[in-house]
Amino acid sequence: MLKKVLIANRGEIACRVIKTLKDMGIGSVAVFHHEDRAAPHVQMADESVQLTGEVPTAAYLDQEQIIAACKKTGADGVHPGYGFLSENAGFAETIAKAGIAFIGPNTDAIKLMGDKIESREFAAKHGIPIAPSARQTGSLEDFIKEAEKIGFPLLIKASAGGGGKGMKIVNKKDELEESIRVAASEAERYFSDGRVYAEKLVVEPRHIEVQVLGDGKGDVVHLFERECSIQRRYQKVVEESPAPNMQAKLRDEICESAVRLTKAANYKNAGTVEFILGADGKFYFLEMNTRLQVEHPVTEMVVGVDLVAEQIKIASGMGLSFKQSDLKQTGHAIEVRICAERPEKDYQPATGRVGVMHLPTGEGIRFDGGIKEGQAVTPAFDSMLAKLICYGTTRADAVSKMEEALGDFVLLGVPTNIDFLGRVMGNDVFKSGKLHTGFLTDHAEGLMPPALTGEEETAVISTALLGDADFRVSAFEVPEPYASIGSWQN
Amino acid sequence: MPYQINIDDRTIEADIVKRKPLLRIRIGDREHTITEANCPASGDFEIMIDGKVYRGWRYATAEEVYMRINGRTHIISVPRGPGAGAGDTGSADEIRADMPGTVVSLNCADGDEVKSGQQLLTVESMKLQIGLVAPRDGVIEKVHFEANAPFDRGATLVSFVPLEDGDK
């Protein structure tokens, strides 16, 4: 078993990993940039090492400094968390060469799954469904013929693209040729690369992913699925397990596909296989994330497993702690991502300082955070501050618990999405579990903050005034004979 | 002279009507009696308005007051007291940065004629790219930053030729 683990990360995920290290009796080393010097992860860890960088994020990406920190503290393992260096094959290799255990997959798996085209072809080769697509290899006429075979509606996408640029939805055959021309010319303009490809358009898709664990020796289990369809800016904000309204047969098929892919890759570590699920029940491989996911707590709560502990055991060469038949889903868990942002202004990220914070508590409520009162929220890092996870015996239970917990969650000093998430929980369509990735866009209007009632407005304005120093002077401290403070104790 | 309070893009006036025996304030065109008030600038508060008790949390920064009342957070600009003047931050004549960031790309130049809602530049803050649009039809007087340039919160990014001179 590893003796001391350095966490090459910050914020809530660093705290999350340290917690398990403490439970397992393993030493912990935090790294931090000056801006994070008072952050919770630094205080929680047994030891800490300061990293320098021109900008704060550069410090957490500096491989040389991280390896030097391992050597200095005698850490024999590195947990990369998510983001930063977690899917950097070069980093995994460098760590291994230094004789330190990388708590993650081997470099081949990172490289394979990091390449979108290669991983897709790998999945197809092993019988995992991928969305039907066609690439232009010969003449335009041939490409049109191939694209037609996909069926309509379909998407024309730029090969070099992203962010929807150069993307066209084609609903019928006679629009196809013109759409290809327009998409190719846009692609040329945006990316200086006019190559385009056609792909089946999944209407109202759901994002379903499967948690897997592999020991790198061929033993693989899945820990069931998560539904992550509630997204904004292509980023998840609400995740849950199990996926609502999913038939057992479909769940088995999806989970079995994920296991097949993971086995084929001889995968070692925790990983997530992501799929797109159409309304017709057909699902397609999207990508595999070769690391711990932000939303891993919902799986931990319904399966009753500590995924970080499993990662550490696997990295220590101990294999998996359980067989597939030992695992089952019990109850329902929902996670929301607490972000510093203004949902009513197109989710614009926000900065400030955590001035007042009171966390909701209660049975089945888990808070994974890396923030504390007094901490500045700066533009240097991601806008996600923390995660709130609620567990219930049923989905309805978990949703109402979350709605209540969000109502009890006080975080003042930086705009957050807490109230917005509360309105999502209260939305009837969300409650019904009819989810797809366009949910937040479709329901944008109904999720806006309701207008203040007259009474609320009076309370807000009175509170604003009564706590204001200037107002207090003129209301209470005007010398006699003009006024008296009377029974006021302030 | 009344206090000016900006809430949900409206400005509401409030004023002290009477100080004794009990504090009476006017908000908009209605009067209210405050019978209890334990209300620090930051921390938990308890106030009684017209006989009803409100409890919650309050936190004030130099510019804004954050309040948590009945499971809902309200953020309003600090009330402007008598004599504070009616200075406004930003106007339809300029686009200011809400937070520090970097200019990713520019879609406009000095002298361009633009339409309301037209995207003028893309900026990046907290790893997110945001398109900033023209607040009104008009002519760009000056683009204050080049692509890749960093800017601070409150910086003027683009200014418009004021409306009176806007007709070219």
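This is a predicted model: local features need pLDDT of at least 70, side-chain atom pairs count only at pLDDT 80 or more; totals for chains, interfaces and linings use all residues.
Two residues are in contact here if their C-beta atoms, placed from the backbone, lie within 7 Å.

Let's start with helix H4 of chain A, residues 63-73. Which of its residues are buried? Four names: A:Ile66, A:Ile67, A:Ala69 and A:Cys70. They cover an arc of only 155° around the axis, so they sit on the same side of H4(A). What covers them? The cover includes four strands of chain A, namely E1 (4-7), E2 (27-33), E3 (47-51) and E4 (77-79). Helix H5 (89-97) is also part of that cover. Just past the end of H4(A) comes A:Gly74, with a positive phi of about 75°.

Next, helix H10 of chain A. H10 runs over residues 248-264, 17 residues in total. From first C-alpha to last, H10 reaches 24 Å, close to the 24 Å expected at 1.5 Å a residue. The buried residues of H10(A) are A:Ile254, A:Cys255, A:Ser257, A:Ala258, A:Leu261 and A:Thr262. Why do they share a side of H10(A)? Because their arc around the axis is only 150°. Their cover includes helix H7 (116-125) of chain A. It also includes strands E10 (206-215), E11 (220-232), E13 (268-277) and E14 (283-289) of that chain. The face turned away from the buried side carries exposed A:Ala248, A:Lys249 and A:Asp252. Just after H10(A), A:Asn266 takes a positive phi of about 50°.

Now step back to the whole of chain A. We have 18 helices and 23 strands. The radius of gyration of chain A is 25 Å, close to the 23 Å that the globule rule gives for 490 residues, so chain A is as compact as a globular protein of that length. Along the principal axes, the C-alpha atoms of chain A fill a box of roughly 95 × 60 × 45 Å. How much of chain A is buried? Of its 490 residues, 47% count as buried. On contacts within chain A, take those with a separation of 6 or more. Residues 24 or more positions apart account for 64% of them.

Last, the interface. How many residues of chain B are in contact with chain A? The count is 53, and they meet 41 residues of chain A. By class, the chain B side has 34 nonpolar, 11 polar and 8 charged residues.

Methods:
Residues are numbered from 1 along each chain as its sequence is written. Chains are lettered from A and ligands numbered from 1 in the order in which they are written. Helices (H or I, at least four residues) and strands (E, at least two) are DSSP runs, numbered from the N terminus. The expected span of a helix is 1.5 Å times one less than its number of residues. A residue is buried if 20 or more other C-beta atoms lie within 10 Å of its own, exposed if 12 or fewer, and partly exposed in between; C-beta atoms are placed from the backbone. The arc is that of the directions from the helix axis to the C-beta atoms. Ala, Val, Leu, Ile, Met, Phe, Trp, Tyr, Cys and Pro count as nonpolar, Asp, Glu, Lys and Arg as charged, and the others, Gly among them, as polar. The radius of gyration is taken over C-alpha atoms; the globule rule is 2.2 Å times the number of residues to the power 0.38.
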